[in-house]
Amino acid sequence: MEFKLKEKEFLSRAKHIEEIYREKPVNHETWSGYPVKEFYSPKDIEGLDYTQDLNDPGTYPYTRGIYPNMYRGRLWSRRELCGFGSPKKTNERIHYLLEQGESAVNIAFDIPTNSGVDSDHPLAKGDIGLQGTPISTIQDMETTLEGIPLENVSVNLSTIGVTMLMAFYLVAARRRGFDFKQLRGTILNDTLGDPFCGYKRSFVPSDLALKLAIDCVEYCINHVPKWNPLSVDGYNIRENGVNAPQEIAFTFGLAKEYLNEGLRRGIPIDDLAPRITFTASAEMDFFEEIAKLRAARRLWAKMIHDEYGVRDPKALKYKFHVHTAGSSLTRQQPLSNMIRVTVEALSAILAGTQSLHTCSYDENMGLPTEESVQLAVRTQQILAYESRVCNVADPLAGSYYVEALTNKMEEEIKKILDKIDEMGGMIKAQESGWAYEVVNNEALKIEKQIESGERIIVGVNRAVSDDEQEKQVRVHEVSEAIVRGHIDSLTQFKKKRSMDALKLALLKLRKEAEEKRVNLFPSAMDAIEKGATLGEINGYIRMGFGYPYDDLGAVSPPF
Amino acid sequence: MDELHRGKKLRILLGKVGFDGHDRGIKIVAAVLRETGYEVIYLGKYLTVDSVIKAAIDEDADVIGLSFLGGSHVIYSREIVEQMKANGLDDVLFIVGGVVPHKDTGVLKDIGVDAIFPPNTMTKEITESIDQKIKAKRA
């Protein structure tokens with residue numbers, strides 16, 4: 001490089017370099033917009049009482065963690081979300097991930113499946129096998145789970161609105177000889193939260209949502225005791241645009257609706273409360289995310305204790321899975337995303353998560369490739385095995401900043417919860433549109449901050465470079481042939497069923513849905529045994545509730 | 001915003017085709033375009049190619065903008081462009097936003113998509129591009 005620059009150029013460059021040398025933070029706020037001080041001291045946590053407000057890990061109010069020995073007892077589950085193309089491709093990828101050392105399974109379903117329709121739905125042609133695996137039949141579920149020891153590993157079914165995927169899972173497990181009492185895993189089953197993930201409310205209207213959600217909880221309490229039948233999904237709400245306290249407050253609002261419905265149906269609170277778990281995001285403000293989750297633990301424990309009168313310690317624990325924030329990642333300079341994921345994963349671990357999915361660097365281009373998801377697994381493994389952070393529970397406790405910020409998060413979460421209560425609960429907050437306005441407003445605010453430079457994103461509005469790195473990333477592709485093969489197998493499957501037996505089973509399911517007196521799982525599982533598809537199970541239950549078989553009006557019931 | 005087409009504000013139809021419901025991006029684009037001064041018709045989600053074309057005709061749209069996340073951008077863009085040609089919508093701009101990997105940009109351009117806006121695109125780029133391309137198309 002030529003240093004004998006003309007005086008003007010040299011001075012201008014020198015000025016620029018000095019500006020960077022003297023750079024300061026653009027603002028002094030958390031990600032969610034709360035001003036923070038230059039430093040924190042005992043004054044900022046005056047009145048903080050160890051026993052009342054923190055206590056040891058594994059002791060009420062669980063601020064410091066839900067188990068006494070936290071990761072010394074068991075590391076968090078390394079659980080990568082996985083699914084694409086077909087049940088067989090998804091099964092192959094699951095085994096790849098297990099070989100790479102992930103410690104739990106996490107299955108993503110394609111959007112039509114997550115909307116409750118089959119892979120031959122006429123309007124779903126372009127969306128089959130994208131974003132997750134299609135599951136239309138029991139055969140699909142069996143193929144997806146082939147070779148996986150369901151009694152020895154935890155499996156998450158990442159579906160918000162299609163509770164009956166659990167029925168398919170159970171039938172598949174039973175056919176392989178597994179004991180329901182030994183099955184371990186989670187189904188999100190956060191049916192009320194469907195619209196926060198972009199699904200139409202009318203796919204699972206609120207009354208049907210509550211019925212399905214609690215049927216699943218009830219069935220699992222009685223038959224699948226080690227299963228987590230409901231995980232309120234804060235991750236997707238956060239991805240849609242809310243800030244940290246809003247994320248937690250909205251999940252608590254939803255959780256209360258499920259608790260209230262469960263109680264209305266006569267499920268004892270001590271059985272019910274521990275079955276409500278959570279999924280949270282981990283965004284880029286390292287300390288805010290840790291404070292958010294510590295506050296969530298303390299607030300949940302106090303809320304269940306004070307408002308629901310629960311005393312059983314097991315029923316007071318905020319148990320959660322973290323998914324690092326996909327929307328924090330950039331298309332530009334994608335390798336940078338691994339640094340972001342690392343920051344986020346570390347915050348989730350220091351916050352004491354039970355389970356963690358780390359995103360891959362190609363998040364903004366497509367689903368993870370084998371090489372990109374391997375690095376995501378390695379990220380967790382390096383943190384678990386090399387950083388030594390898991391030897392000590394809640395290591396940040398006592399930090400003046402972290403405790404002050406935890407208090408602040410709790411305060412802000414409570415404000416929003418009070419507002420939701422004033423409106424009559426989360427369902428009302430959704431029906432009035434208020435909840436979605438909050439999401440939209442916050443999303444727009446964040447975008448404007450990025451475009452004005454107030455919110456810096458490296459590679460996007462700072463340290464911008466060309467698109468060479470972007471072009472070099474191998475992007476995952478879903479083969480059209482594989483998707484077609486899957487659709488063909490669905491056609492074949494439908495031809496081989498005994499229509500008489502199927503008809504009886506589906507009509508019985510519909511009648512039970514109409515009468516609303518019994519849990520729908522046994523009849524749904526029976527219909528599945530008789531060859532019912534996911535769309536048929538869903539459709540007949542919908543009809544029982546007075547809704548059209550297919551919300552988009554493109555498919556008629558077979559009988 | 002540039003000289004208006006035929007003296008009117010540019011009419012921009014926005015929406016999502018198929019089952020994908022991820023709409024954070026398109027809602028932001030709709031809001032910003034409205035603030036900039038365009039006439040935005042947000043059709044929503046779960047649209048079909050036919051319903052988009054019909055709306056473009058009924059609403060006298062100058063621009064059709066669709067958003068994709070899951071990977072269905074090639075399949076639906078192809079159908080949209082075919083239908084636009086079949087219905088004489090030759091002076092209507094067709095723009096696509098969302099998760100479109102670099103390797104597909106050329107594919108979409110070949111199909112006839114006028115502009116592609118992948119993730120982390122600044123909205124200013126979208127408005128500038130629309131103005132530029134409408135001018136060029138109708139020159």
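How many residue pairs are in polar contact across the interface of chain A and chain B? I looked this up and found 15, both residues of each pair being at pLDDT 80 or more. A polar contact is a pair of N or O atoms within 3.5 Å; within protein, one must be able to donate a hydrogen and the other to accept it, and residues adjacent in sequence count only if both atoms are side-chain atoms.

**Ground rules**

I am working with a predicted model, where local features need pLDDT of at least 70, side-chain atom pairs count only at pLDDT 80 or more, and totals for chains, interfaces and linings use all residues. Residues are numbered from 1 along each chain as its sequence is written, chains are lettered from A and ligands numbered from 1 in the order in which they are written, and side-chain values use heavy atoms, with hydrogens and water left out.

**The interface**

I looked up the salt bridges (a side-chain nitrogen of Lys or Arg within 4 Å of a carboxyl oxygen of Asp or Glu). The rule finds two across the interface of chain A and chain B. I noted B:K103 and A:E477, whose side chains meet in a salt bridge at 3.7 Å, N to O.

Next I looked up contact (heavy atoms within 4.5 Å). Chain A brings 44 residues and chain B brings 32 residues. Then I took the buried area, the accessible area (1.4 Å probe) that two parts lose on being put together, summed over both. It is about 2900 Å² between chain A and chain B, and carbon and sulfur atoms give 58% of it. A:Q131, A:R331 and A:E451 supply 16% of the area that chain A buries against chain B, more than any other three residues.

**The cavities**

I searched the whole structure and found two cavities of 30 Å³ or more. On a 1 Å grid over the protein atoms alone, a cavity is a set of points where a 1.4 Å probe fits but cannot get out; lining residues have an atom within 4 Å of a point. Grid points are joined across faces, edges and corners, and a volume is the space filled by probe spheres set on the points.

The largest cavity has a volume of about 70 Å³. I counted 13 lining residues, and A:Y71, A:I349, A:G352, A:A393 and A:D394 are the closest to its centre.

The second largest cavity comes to about 40 Å³. I listed its lining: A:G161, A:F203, A:V204, A:L208, A:L212, A:N538, A:I541 and A:R542.

Key
1 Å grid on protein atoms, 1.4 Å probe; cavity = no way out; pocket = protein on both sides within 12 Å on 5 of 7 lines; lining within 4 Å.
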